[in-house]
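Welcome! Have a look at the structure below, and then we will walk through some of its helices and contacts together.

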Amino acid sequence: MLDPAFLLAGVLNGLLAGGIYVLVAVGLTLIYGVLHIINFAHGSLLMLAMYAVFWLWRLAGIDPYAALPLVIAGSFAFGFVLYRLLIGRYNHGRDENILLITLGLSIVFDNAALLFFGGNTQTIDVPYAGTFVELGAAFLPLPKIISFVAALILCAALALYMALSDTGKAIRAVAKERQGARLVGIDVETVFAVSYGIGIACLGAAACLLMPTYYVTPSSGHAFVLVAFTIVVLGGMGSFVGAAVGGLVIGITESLGGLFLGEQLGQIGISLIFILILLLKPTGLFGSKA
Amino acid sequence: MTRAALLCAAGLAAAIVYPLLVPNYLVNIGMLVFFTAFIGQSWNIAGGFAGQTSFGHVVFFGTGAYTSTILQVTYGWNPWLAWPVATAMGGVVGWMIAVLSFRAGLRGSYFALITLAFAEVFRILANSVPFTKGGLGMLIKADQRPINFQFKDPIWIYYLALLLCLVSVAIAWHLTRSRFGARLVAIRENEDAARALGIDVFAEKVKVLPLSGAMCAAGGTFYAQKYLYIDPSIAFGVDKSVEMLLVSMVGGAGTIFGPLIGSFTLMGINEATRWLASVVPALKNVQPLSLIVYGIMLVLIVARLPNGLMGLFRRGPARA
């Protein structure tokens, strides 16, 4: 059971899955860090993006990786508009209200997908899906490695953008001090909408990277939402580094949990981590405040 | 006030006579309205009156359903005897979650998310441990005698659901008139201000979640006895949590009749979409359609009608 090669394969597989989780979680943590809202529709929006990638492939024959720019741009626009039309209007007052609104949105998205796309599991057959790479004792599917590397590059690009560009600077200013940002002439409402758009654009990227090896159903959002929240809470709400470390840790936890506890019981690790972090250290590993 | 009392009496009389006049399938729908109003009220007591929004209330529902079913199927208990035990178990789980979460100071969205995670842990455990029979679920042997909490004539289960609903409305009514209820509302409106007024916020919150959990668990047993089958995704799935939250929010969170109004409304939407689907054959898949309507209603109500549909009837100061 405790064959080191077996263990290594588990860790590597978890790490590869974790890379994509990082992308999902970075979007969530950005939205929280800037807007101070908990985006419960995050999983459902990822599911919609995955369907977009699927239909682009099915109807136009676009490879999921080639679809990256298109889906990222589309997701950004969708997030921006969603914020402007709906979420932004009620983003003030009790924080449960926005949680309930995003819950309502996720119910609408999940069931619209079920209504229009049906409940079947959809997958994309890419020609390189069966290619494996031998790494030590582990055989790893090539698309997972490509996706992992691409996810890290995209995260790094986003971090650079946030650090260097004017928009990034404005976003960070708003996250730190809303009133002050307004006083120095930053259009705070636009920054909010842009941040929400970037958060959803991260989901678009994650969807492109997931689809070569993963599947999508209308309930895919459910599978991801608690995972994404766990990563963000583990890393610390609003923390980029936290989301990156948390994503990799949760990827490995999930993989090893499945390995040692079985497919069913293995999922319990994530929920337990979530509960324990909230109970014992709600600021997470890298969070700054409660 | 007397007009309101008269209206309630008339409503109750109508509810009692109704099953005598309509075919069985409509009796069944009535039963579902009152049952959903009952579990919705259990959510409303914690989520509406005390403002502790829960996304995982199904954890109590499933605890109740599994406790009575295990006692009955595995240990041969009579379900009527197992019912109070299941109800108490719901209270115990509520107390545990309350002590853990509120001691850690979780509020608002964080509390909502941790209840979701607790429900998920219970679902995975029910799927994995041997005494729940895992994902296969548990079947209660059909033996339709009242002594077995099973009824041949649907009218009896209808009256039982009506009774549960009345009890839950009475509890909610009592909350609006008692000091305990007033303290809960104070906590909902502003926790820090409530504390400054000398309310022991932690103690009150630790009282309300067991109450709500026990009610919800009683509903779990009722559900198991009605359908004679439970499995982890029915008993601990997110759908039931959302349903409880929806009926309260739509009808009016923190109001006495909110869950009942919400339950009526949702059942109405259900039947309307079913009818629509029978007229427009392209919409053969009904379930998602009605859920889409619910989702839109939730968004609209949170955004525009904080008192839910009850807010349309009663003119008063809107709650923040």
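## Two crossing helices

Axes here are lines fitted to C-alpha atoms, for helices over the stretch in contact, with angles from 0 to 180 degrees between N-to-C directions. By class, the contact of α1(A) with α10(A) has 15 nonpolar, nine polar and one charged residues. Ala, Val, Leu, Ile, Met, Phe, Trp, Tyr, Cys and Pro count as nonpolar, Asp, Glu, Lys and Arg as charged, and the others, Gly among them, as polar.

This is a predicted model: local features need pLDDT of at least 70, side-chain atom pairs count only at pLDDT 80 or more, and totals for chains, interfaces and linings use all residues. Residues are numbered from 1 along each chain as its sequence is written, while chains are lettered from A and ligands numbered from 1 in the order in which they are written. Helices (H or I, at least four residues) are DSSP runs, numbered from the N terminus.

## From α10 to α11

The axes of α10(A) and helix α11 (residues 268-280) of chain A come within 8 Å and cross at roughly 125°, so α10(A) is oblique to α11(A). Among the residues that meet here are A:Ile250 and A:Leu265 in α10(A), and A:Ile268 and A:Ile273 in α11(A).

## A residue in α1

A:Leu8 sits in helix α1 of chain A. It is partly exposed, with 14 other C-beta atoms within 10 Å; a residue is buried at 20 or more, exposed at 12 or fewer, and partly exposed in between. Leaving aside its neighbours within four places in sequence, A:Leu8 is in contact (C-beta atoms, placed from the backbone, within 7 Å) with A:Gly136, A:Ala137 and A:Ala138.

## The buried side of α6

In helix α6 (residues 166-176) of chain A, the buried residues are A:Ala170, A:Ile171 and A:Val174. They cover an arc of only 100° around the axis, which puts them on the same side of α6(A).

## Where the chains meet

Finally, 33 residues of chain B are in contact with 31 residues of chain A. On the side of chain B that touches chain A, α5(B) gives the most, with 14 residues.

Terms used. Helix = DSSP H or I, 4+ residues; strand = E, 2+ residues; numbered from the N terminus. Arc of directions from axis to C-beta. Contact = placed C-beta atoms within 7 Å. Parallel < 35°, antiparallel > 145°, perpendicular 65-115°, else oblique.
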